[in-house]
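Reader: Could you walk me through this fold, one question at a time?

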Amino acid sequence: MSVDALTPFGRGANAPLAGRTILQIVPPVDAGGDERATLAVTAALAETGARALVASDSGELAGELQAIGGLFVQFPAATKNPLAMTLNMRRLQRIIASERVDLVHARSRWAAWAAVKACRKAKRPLVTSLHGDGVRSPPRTSFETAVAEGDFVIAASEFAARRGAGLFPAARLRLRVVRPGLDLTKLQPERVSGRRVADIRQAWGVAAHERVVLTPARLAPGRGHATLIEAAALIKGHGLDDVRFVLAGDAIKPAFARELDALAAKRGVQSMLVRVGAAADLPAAFIGAAVVVFPAANADGVTRTSIEAAAIGALAIISDVGPAREIVAAPPYADAEARTGWLAEPSNAAALAEAIEAALGLGASAREAVRRRSRAKIAEAFSLQRMTHDTLSVYAEALGR
């Protein structure tokens with residue numbers, strides 16, 4: 001289904017959410033919450049004629065919610081203390097009763113525990129969300145399993161849904177995929193000035209003729225920086241001397257950054273390597289780079305940033321882990337003519353080097369075709385309109401039951 005074909009809720013007398021009160025519970029961003037998605041869904045609910053409440057610790061949300069037709073409820077959604085979570089269950093029961101809430105959406109696993117108890121007592125439907133790429137290890141307590149006890153469980157990707165189904169077999173039929181939504185208006189190449197691109201390349205210290213292979217990820221084990229350095233050594237050995245590798249990310253531990261520097265020196269590529277902090281202007285960074293690489297060893301490294309890179313049309317190379325295949329189309333999972341990026345075997349320097357060289361070797365027309373297809377793929381699957389439509393569809397399905 002194309003984005004243009006999506007039908008907004010609330011248009012017509014039989015709209016399933018009009019007049020309903022929907023409560024979203026979201027912790028602050030620094031506690032794993034997704035305030036951007038919450039606000040977008042709130043705006044969509046208000047447009048349908050629903051009454052949209054948001055319960056959170058983050059008081060900064062109050063003003064934004066009011067501006068888009070939502071209501072803020074102070075609530076300690078980020079707590080992980082068992083006693084406080086029990087108190088939260090009682091608080092939530094009171095909110096459901098006093099505000100006449102029809103449906104609750106708990107956007108974190110910790111909020112889900114209180115929401116499960118409160119919604120069962122109040123006989124209200126509950127939607128829960130598997131955070132990020134899903135639960136990473138077998139849950140051990142009822143606090144951790146509660147996320148799978150919603151009437152419907154939202155997963156952020158097909159990969160997360162499969163992982164969730166494996167860990168929670170009883171929830172398999174209740175899982176629904178709702179991919180993250182991006183504000184694509186901020187990721188249009190034509191809106192990024194040449195001045196912004198020149199400024200960020202100058203900050204990297206690269207020459208005008210040098211092609212940049214950018215890795216925008218924090219410096220941490222598992223993010224694949226060592227594999228990238230090994231790939232850089234292979235590329236240097238193949239005679240490509242106009243390439244600079246920019247590692248744009250803050251180091252979690254200085255010792256790990258020093259390990260990467262030592263590896264670069266050992267492999268003889270320290271002159272090709274630029275290590276800088278996280279890019280303040282990601283759209284300009286994506287355009288200023290010839291190739292953008294996400295060489296993560298595991299699913300955690302396939303972040304929202306990789307989706308943003310593909311959205312703006314960067315030539316993106318992503319390790320074939322987690323939901324990478326949902327972000328880029330590439331052989332052997334897609335025809336070469338449908339390519340929107342590259343998938344590389346994780347922790348395989350030779351495979352990564354081959355993908356980088358293939359991307360760098362494209363002619364102008366082939367390069368632009370990949371960029372165009374990449375932008376179209378992300379616009380179809382990861383737009384804000386798609387995310388809000390799919391979320392409201394889950395709400396309507398839960399209320400219909």
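Reader: Is Lys123 buried or exposed?
Author: This is a predicted model, where local features need pLDDT of at least 70, side-chain atom pairs count only at pLDDT 80 or more, and totals for chains, interfaces and linings use all residues. Residues are numbered from 1 along each chain as its sequence is written, and side-chain values use heavy atoms, with hydrogens and water left out. Buried means under 20% relative accessible area, exposed over 50%, and partly exposed in between (1.4 Å probe, protein chains only). Lys123 comes out at 71% relative accessibility, so Lys123 counts as exposed.

Reader: What is the phi of Lys123, and where does Lys123 sit?
Author: Most residues other than glycine have a negative phi. Lys123 isn't a glycine, yet its phi is positive, about 55°. As for the place, Lys123 is in the loop between H4 and S5; helices (H or I, at least four residues) and strands (E, at least two) are DSSP runs, numbered from the N terminus.

Reader: Which loop holds Arg100, and is Arg100 buried or exposed?
Author: Arg100 is a residue other than glycine with a positive phi, near 55°. Its loop runs between helix H3 (82–98) and S4. With 69% relative accessibility, Arg100 counts as exposed.

Reader: In what order do the seven strands of the open sheet stand?
Author: Strands of a sheet pair through backbone hydrogen bonds, either parallel or antiparallel. Here two strands pair if DSSP finds at least two bridges between them. The pairing in this sheet is parallel, and the order is S3-S2-S1-S4-S5-S6-S7.

Reader: Which strands stand at the edges?
Author: Each edge strand has a single partner strand, so one side of each is left without a neighbour in the sheet. The two in that position are S3 and S7 (175–177).

Reader: What is the bridge partner of Ile25 in S2?
Author: S2 (residues 51–56) is mostly covered, with five of its six residues buried. Five bridges tie S1 (residues 21–25) to S2 in parallel, and another strand, S3 (residues 70–74), is joined to S2 by five bridges, also parallel. On the S3 side, Ser56 stands opposite Gln74. In S2, Ile25 is partnered by Ala55.

Reader: Which strands does helix H6 touch?
Author: H6 (residues 158–167) packs on the sheet, and its direction makes about 170° with that of S7. Axes are lines fitted to C-alpha atoms, for helices over the stretch in contact, and angles run from 0 to 180 degrees between N-to-C directions; contact means heavy atoms within 4.5 Å. The strands touched are S6 and S7.

Reader: What about H11 and H14: at what angle do they pack?
Author: Two packed helices are described by the angle between their axes and the distance between the axes. For H11 (residues 304–312) and H14 (residues 364–381), the axes are 6 Å apart and the angle is about 125°. That makes H11 oblique to H14, since angles under 35 degrees count as roughly parallel, over 145 as roughly antiparallel, 65 to 115 as roughly perpendicular and the rest as oblique. The contact includes Ile307 of H11 and Ile378 of H14, and the angle is about 125°.
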